[in-house]
Amino acid sequence: MNFLTHQNFHHTIPSFLRKFVSSLAFAEKASYGCGKIETVCTQLDLFEIFNEWRKSGKFTIADTRVLHAHLVKVAFLNSDIFIVNSLTDWYLKSSAVDDAVKLFVEIPDPNIVSWNIMISGVNHNFLFEDSWRYFCQMHSLGFVPNRYTYGSVLSACNALGSALYGELIYCLSVKNGFRSNGYIRAGMIDLFAKSSGLEAALRVFGDCPLDENVVCWNSVISGAVKGGNDWAALELFCQMRRGSLVPNSFTFSSALTACGALEEVALGKGIRGLAIKHGVGQDVFVGTAVVDLYGKCGDMEDATMEFSRMPFLNVVSWTAIINGFVHNDDAISAFEFLREMRNSGEEVNNYTITSVINACVKWPMPELAMPVHSWILKSGLSMDPAIRASLINMYSKLGAVDFCEKLFLDSWTMQDVGLWAVMLSAFAQNQCPEKAIELFCRMLLKGLKPDQFCASSILSVLDCVVLGIQLHSHTLKTGLIFDVSVGSSLLTMYSKCRSLDESYKVFEEIPEKDIVSWASMIFGFSENGHAEKAVKLFRNMLLKEIRPDQATLVGVLTSFSALGTSLKGKEVHGYAIRKGMGNETLLCGALVNMYAKCGSLELARRVFDIMTHKDQVSRSALVSGYAQNGYTQEALILFHEMQMSDLQMDSYTVSSIIGAVTMLNNSRIGTELHCLVLKLGLHSEGSVGSALIALYSKYGNIEDCRKAFEQIINPDVIGWTTMITSYAQHGMGAEALRHYELMQNERINPDSVTFVGVLSACSHNGLVEEGYLHLGSMSSKYGIDPGHRHYACMVDLLGRAGRLREAERFINDMPIEPDVLIWGTLLAACKVHGDVELARLAAKKVFDVEPSDTGASISLSNIYADAGQWDEVLEIRSLMKGTGADKEPGWSYV
């Protein structure tokens, strides 16, 4: 009983409580129910103890338990509800939730303060569902909540993201007469802005049109900023200023944050001037927002100057300046300010660390990734979900997927959907579709509900329409389909799988299409050979007064490239210049590509010359444009400049330059290019390998063609076709047909060009029946309609076999109108077999289509000469002279 007077007791409680020990000792000696004077004195002493302890904030679980034990021992615990409530509050603030619950349930008559302490206390310990449960229990027992109750439970609903619970709370508060209470309405505005959007928040805000509560204005402006409605936030800020309310530092910081998100530095400077005018220019929140504004607008010089002028710096200020340098790709300065921050004694928080982690993926800082990770482990913050997610994202961008998986599997918060979303994104970014699908299935088996980020990531790696349909069904079932990012990812997946009808159907069903949705659908049409539909969709977008961004313009320029219409491309070019996007590297690259493919090489070069940053894409586009339009010398010069600039060569550029060199018939340059291909490691690329095959085929080196083909990993239809055509052109029909069979065994469907090579091979080998078989399989098996070149090959096949009358009947029975090529082929066959009558008919058909065809006249003249019909020869020669036609002299490189 006398332990309170013992020396050791003075070491168990804080120093500022020791002056009250005598009062506690007095209370111990007094029996329960002593006189009023003794009781009142003791209660006053306890009130002072609790009040001073609360102000100090130095209480611990051990201190609280010591005092609790003493009060139980002297039977004074339940003498006043204030004492029990204070002890409960201390337990909750010390994170001893179980002790608080035990004490709370033993209170014989809890009051509204008791319930408020429990509801706010479990909120403090992130037990938001328990907060809702205590509120429901309190309401069912007949207690009438006050504004503090409503504020606490609304905070819990906000954390849970439950708009439904929030609506119920708000309805109850209005019913109990708290409709105009700014504290409750501010909490409701926060909740709706986060979970239901700005429109719902504005309805609550508008319940009292002439609101004179600055907290409500701050809530709705902040909610608009957090929801990405930055222009709406600035409009609300202007409305507030038109009234009688004076914005405070929180109002100005939200408005400045909106300006930063919009990169409206001029507007931000104006708002900063207003803040100075209202006397809050030196406020730490306003100063931090100004630093963040300059950082997001790329003006780090002004950001640093503002930071140095701030009279007081906190962790948020340091984080803002560090994040500004990271945002502007200046990782070195970011780490320098981190060092200064640590030298100043300011403690980092998880936002600071995530900014530092993001700096590690910027050049030249990847080598600091591991040291930064070690520092985080040493600081004890590695288990924070946000930091762990940032680490996974960092290793993902560095291509270290194994580290990502290890970090993910070591996480103790496996119920955190956000962490699963980051891991799925890591697999998607590093092209690991199998692992992404497996992880998504594991997530579903664990009973977790994937969010829109998970769905978007898994959709981005799918290239199988069957799996895509299943995931589409899942998004319909869970309601994720109504999220615009999920809808855009879904239509992109269908476009990638060439299911454009399904893709467009998803696009039409997106309720609120954003610029990404429009751009994705335009790209889908463009990349799948529907350029006209892409252009039409772009026009519809403009009619709806939706401002296209850079990505959308790139997509529509790609469509104009496919259509070969540079005139419309010029209109888009002019629009881009008017909107201030004319010098953007990505857009300029698309313009160069469009002009080059449309044959406007002078315009392509002009755009290329004015580019501030000539990247690999723009150079490759111009090289390809020169090569494909016959400007071989210019293509080689620009290609040489690329080599001198140490720009990375891609397969598209190299294959284009090889194609240009093929036209030169210069084997030395071709050999040098092949050596470069081997040095760059591009010999296994399909496009490069196909170009090399065509090169060596043109030089007559079929053995090198075969070697180049064998080096291709997984040759596509172009590679197979080039090899088949090369064999056919060199009279190796058997090898060509053998490769065609191998191609079919690899389950690669031939295209129309493949069949030209196959039919040519049949012609060289005299395989008439096989030729008919392959021609028939084009439409019956592969859905390809034969064209003039295919029919010309069949006429050549029949002509070489001496079946000229059958060739004539074949031409007459063709489903398409024969052209000069087909009749000219028959004419050549007539010369070989000396059929003068059929030659005369074939030549007449040629002249009907092309009267000035010199080749047909010369062939017919030679046929007459071989038959000894010199009168007809002289007649043809005189006709040629009369029309001004002349035989082109032959020439040779030898």
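1. Let's start with H45 and H46. Helix H45 covers residues 768-782 and helix H46 covers residues 788-800; their axes come within 10 Å and cross at roughly 165°. Axes here are lines fitted to C-alpha atoms, for helices over the stretch in contact, and angles run from 0 to 180 degrees between N-to-C directions. H45 and H46 are therefore roughly antiparallel to each other (under 35 degrees counts as roughly parallel, over 145 as roughly antiparallel, 65 to 115 as roughly perpendicular and the rest as oblique). The helices themselves are DSSP runs (H or I, at least four residues; strands are E, at least two), numbered from the N terminus.

2. Staying with that pair, the crossing of H45 and H46 is left-handed (the near helix is turned anticlockwise from the far one by less than a right angle; clockwise would be right-handed). On the H45 side the contact is made by Val768, Gly771, Tyr772, Leu775 and Met778, and on the H46 side by His790, Tyr791, Met794, Leu797 and Leu798. Contact means heavy atoms within 4.5 Å. By class, the H45 contact with H46 has 8 nonpolar, 2 polar and no charged residues.

3. A word on what you're looking at. This is a predicted model, in which local features need pLDDT of at least 70 and side-chain atom pairs count only at pLDDT 80 or more, while totals for chains, interfaces and linings use all residues. Residues are numbered from 1 along each chain as its sequence is written, and side-chain values use heavy atoms, with hydrogens and water left out.

4. On confidence, the protein has a mean pLDDT of 84, and 90% of its residues reach 70 or more. (pLDDT is the predictor's confidence in each residue, from 0 to 100.) Over residues 1-44, though, the pLDDT is below 50, and this stretch has 51 contacts in the model beyond near neighbours in sequence. Where pLDDT is low, the predicted coordinates should not be read in detail.

5. Next, H15 and H16. The axes of H15 (residues 265-277) and H16 (residues 284-296) come within 10 Å, crossing at roughly 165°. That makes H15 roughly antiparallel to H16, and their crossing is left-handed. Val265, Gly268, Lys269, Arg272 and Ala275 of H15 meet Val286, Val290, Leu293 and Tyr294 of H16. The residues of this contact divide into 6 nonpolar, 1 polar and 2 charged.

6. H16 also packs with H18 (residues 315-327), at an angle of about 5° and with the axes 8 Å apart. That makes H16 roughly parallel to H18. From H16 come Val284, Thr288, Val291, Gly295 and Lys296; from H18 come Val316, Ser317, Ala320, Ile321, Gly324 and His327. The H16 contact with H18 has 5 nonpolar, 5 polar and 1 charged residues.

7. Leaving aside neighbours within four places in sequence, Ile321 is in contact with Val291, Met300, Ala303, Thr304, Phe307 and Phe337.

8. Ser355 sits in H20 (residues 350-359) and counts as buried at 5% relative accessibility; beyond four places in sequence, Ser355 contacts Thr319, Ile322, Asn323 and Val326. Ser495, in H28 (residues 484-496), is buried, with a relative accessible area of 5%. Beyond four places in sequence, Ser495 is in contact with Leu500, Ser503, Met521, Gly524 and Asn528. His573 is in H33 (residues 566-578), counts as buried at 14%, and touches Leu591, Tyr595 and Val607, not counting residues up to four places away.

9. Finally, two backbone points. Ser95 has a positive phi of about 65° although it is not a glycine; Ser95 is in the loop between H4 (81-93) and H5 (97-105) and is partly exposed, at 49% relative accessible area. Phe126 also has a positive phi of about 65° without being a glycine. Phe126 lies in the loop between H6 (112-124) and H7 (128-140), and is exposed, with a relative accessible area of 66%.

Technical notes: Nonpolar A, V, L, I, M, F, W, Y, C, P; charged D, E, K, R; others polar. Buried < 20%, exposed > 50% of the residue type's maximum accessible area, 1.4 Å probe, protein only.
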